[in-house]
Amino acid sequence: MDLSYKNLDQTNAYGRLRGVDAKAISLKTLLTADRIGKCSIPAGGGLTFNYAAKKATDEVVDVLQQLADEQQLVAKFEDLYNGAFANVGEKRMVLHHLLRGQLGKVVYHGGKDLGKFYADQLWKIADFCAEVHKGKRKGATGKKFKVAVQIGIGGSDLGPRALYLALEQYARERKLLKMQARFISNVDPDDANAVLAGLNLETTLFILVSKSGTTQETLANEQLVRAKLAAAGLDPSKHMVAVTSETSPLAKSSEYAASFFIDDFIGGRYSSTSAVGGAILSLAFGPKVFKEILAGAHEADALARNPNLRENAAMMDAMIGVWERNFFGYPYTAVLPYCQALVRFPAHLQQLDMESNGKSVTREGKAVKVSTGPVLFGEPGTNGQHAFYQLIHQGTKLVPCDFLAAAEPHNPVADQHAILLANCFAQTEALMKGKTADEAKAELAAAGMAKAEIKELLPHKVFPGNRPTNTLLYRQLTPRTLGRLIALYEHKVFVQGVLWNVNSYDQWGVELGKQLAKVILPEIKADTGTKGHDASTNALIDYCKQWR
């Protein structure tokens with residue numbers, strides 16, 4: 001099949017969607033009893049994606065299906081997992097799905113079966129973890145390791161940290177927690193020192209993660225940790241392993257007790273199911289739990305190949321997101337897990353989405369003529385309700401929301417999970433229904449408020465409603481469910497990147513600041529005045545020097 005990439009506004013479906021009177025769509029009239037069932041899509045293992053409270057009528061979904069077909073989404077996904085150079089700017093394959101299992105043909109590079117290569121690295125990690133857990137591999141003083149600390153930044157931190165926190169309670173309750181995990185990411189030494197202050201270095205194993213082996217922040221934190229180990233009389237090479245590429249300066253160095261490899265076909269924000277997440281999560285929970293994450297992600301990968309939009313949760317989520325972004329003009333998306341274990345999941349999704357599709361040029365290098373990736377943010381419920389939900393309910397900018405919730409808790413304490421779910425469903429109902437002036441007036445009158453007071457307060461008590469939400473429900477947060485969630489959002493990003501015709505797999509916007517930081521660093525350390533920048537930057541650098 002000849003795969004052609006074209007801009008969203010060049011498709012026939014785009015013209016049809018522009019003809020829909022989007023402002024006339026009312027959730028109050030749209031949300032009928034039969035719609036709930038029609039708008040629930042199984043996403044594997046009990047995970048259900050429900051879009052009933054989205055402004056996607058049957059007519060709109062039909063045109064979105066046309067758009068999906070016209071943009072050859074399923075064929076392009078097949079092209080991706082069969083080894084196409086989907087990262088066109090850097091001329092690289094994109095193979096994070098291959099970490100979870102084979103979807104298509106065997107993918108080779110330089111004569112190497114990459115699926116086998118990734119699987120072999122996970123076997124190496126499993127063997128290493130077995131030695132650590134059984135006490136066959138110990139620290140410099142012969143004591144068994146009890147804590148694993150990951151040193152990395154960006155995708156080497158956000159995804160693995162989010163997954164560890166998501167499963168920590170699950171593993172503890174099932175007596176699967178084999179080691180505590182901690183994370184150091186920020187180059188600010190307060191981060192590293194805060195983590196190290198509570199640790200016994202004799203029983204701590206560090207995992208340095210840098211694919212290139214040159215990441216400035218990560219290497220700076222490595223040197224800080226090495227200095228701490230040396231000061232404690234410990235041989236750093238007994239307490240450090242590396243996750244890197246085979247071509248990096250760190251590869252197979254004698255300064256590490258072991259090395260595990262990834263390659264350039266695994267982007268950082270897509271690397272939590274690689275050795276980047278595999279090492280820390282297998283040490284913490286055991287390799288079997290990590291394999292369950294991979295199995296769940298692989299199930300979601302397989303479901304993403306379904307060409308029927310109404311049966312493909314990831315594609316539907318992505319298509320409705322484009323409908324909202326490009327035809328309603330909504331600039332934001334909130335991800336709101338009613339699950340404390342997913343406390344860092346929105347942060348992982350921020351990088352996944354915003355670093356992938358925060359682009360203003362097409363794959364061909366021309367200016368994009370439509371809006372691309374939204375601003376994504378989120379916090380767990382119910383904490384978020386007491387922080388930013390005011391803006392979501394009554395603010396001037398409408399924010400589409402994803403609500404995530406488990407039917408069963410890990411900790412069945414009194415009525416607390418029931419209270420949590422009640423709040424979750426109350427929020428989706430309130431955002432949909434709102435509160436009219438008549439309803440608010442009647443409510444205030446029933447409370448005994450005087451007419452003059454009602455008149456004064458009434459405008460503040462009105463909620464516009466008609467604010468769209470998705471709900472993702474699952475029985476309980478297990479490793480497989482977590483894998484499915486990760487993959488679902490990865491596929492959403494892929495689909496939207498194709499529709500906007502941007503390269504979702506590079507991140508040049510990250511590089512300029514890094515380049516300038518290397519120039520500024522020696523100038524900050526110098527005793528002379530700064531002259532090589534704009535007046536503002538020169539002044540800021542010199543101001544800091546005055547206080548040094």
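**Ground rules.** I call a residue buried when its relative accessible area is under 20%, exposed when over 50%, and partly exposed in between, using a 1.4 Å probe and protein chains only. The model is predicted, and I kept to pLDDT of at least 70 for local features and 80 or more for side-chain atom pairs, while totals for chains, interfaces and linings use all residues. Residues are numbered from 1 along each chain as its sequence is written, and side-chain values use heavy atoms, with hydrogens and water left out.

**Entry 1: salt bridges.** I took a salt bridge to be a side-chain nitrogen of Lys or Arg within 4 Å of a carboxyl oxygen of Asp or Glu. Side chains of opposite charge can pair when their charged atoms come close. With that rule I found 27 salt bridges in the structure. For naming elements, I used DSSP runs numbered from the N terminus: helices are H or I with at least four residues, strands are E with at least two.

**Entry 2: Arg100 and Glu490.** I looked up this pair and found a salt bridge between the side chains, 2.8 Å from N to O. Distant parts of the chain are linked here: Arg100 sits in the loop between α5 (73–81) and β3 (108–109), Glu490 in helix α18 (residues 479–500), and they are 390 residues apart.

**Entry 3: Arg310 and Asp62.** I read 2.9 Å, N to O, for the salt bridge between these side chains. Arg310 counts as partly exposed, because its relative accessibility is 31%. Asp62 is partly exposed as well, at 43%.

**Entry 4: Lys116 and Asp120.** The closest N and O atoms of their salt bridge are 2.9 Å apart. Asp120 is partly exposed at 32% relative accessibility.

**Entry 5: a network.** I also noted that salt bridges link Glu292, Glu299, Arg480 and Arg484 in a network.

**Entry 6: cavities.** On a 1 Å grid over the protein atoms alone, I counted as a cavity a set of points where a 1.4 Å probe fits but cannot get out, with lining residues having an atom within 4 Å of a point. Points are joined across faces, edges and corners, and a volume is the space filled by probe spheres set on them. How many cavities of 30 Å³ or more are there? I got six.

**Entry 7: the largest cavity.** This cavity holds about 120 Å³ of space. It has 15 lining residues, and Gly321, Glu324, Thr333, Lys492 and Gln496 are the closest to its centre. α12, β10 (332–338) and α18 each supply at least two lining residues, and α12 has the largest share with five. I sorted the lining into five nonpolar, four polar and six charged residues, where Ala, Val, Leu, Ile, Met, Phe, Trp, Tyr, Cys and Pro are nonpolar, Asp, Glu, Lys and Arg charged, and the others, Gly among them, polar.

**Entry 8: the second largest cavity.** I noted about 90 Å³ of space here. Among its 13 lining residues, Ala43, Ala300, Leu303, Ala313 and Ala314 lie nearest the centre. α11, α12 and α18 give two or more residues each, with α18 giving the most, three. The lining has nine nonpolar, two polar and two charged residues.

Definitions and conventions
On a 1 Å grid over the protein atoms alone, a cavity is a set of points where a 1.4 Å probe fits but cannot get out, and a pocket is an open set with protein on both sides within 12 Å along at least five of seven lines; lining residues have an atom within 4 Å of a point.
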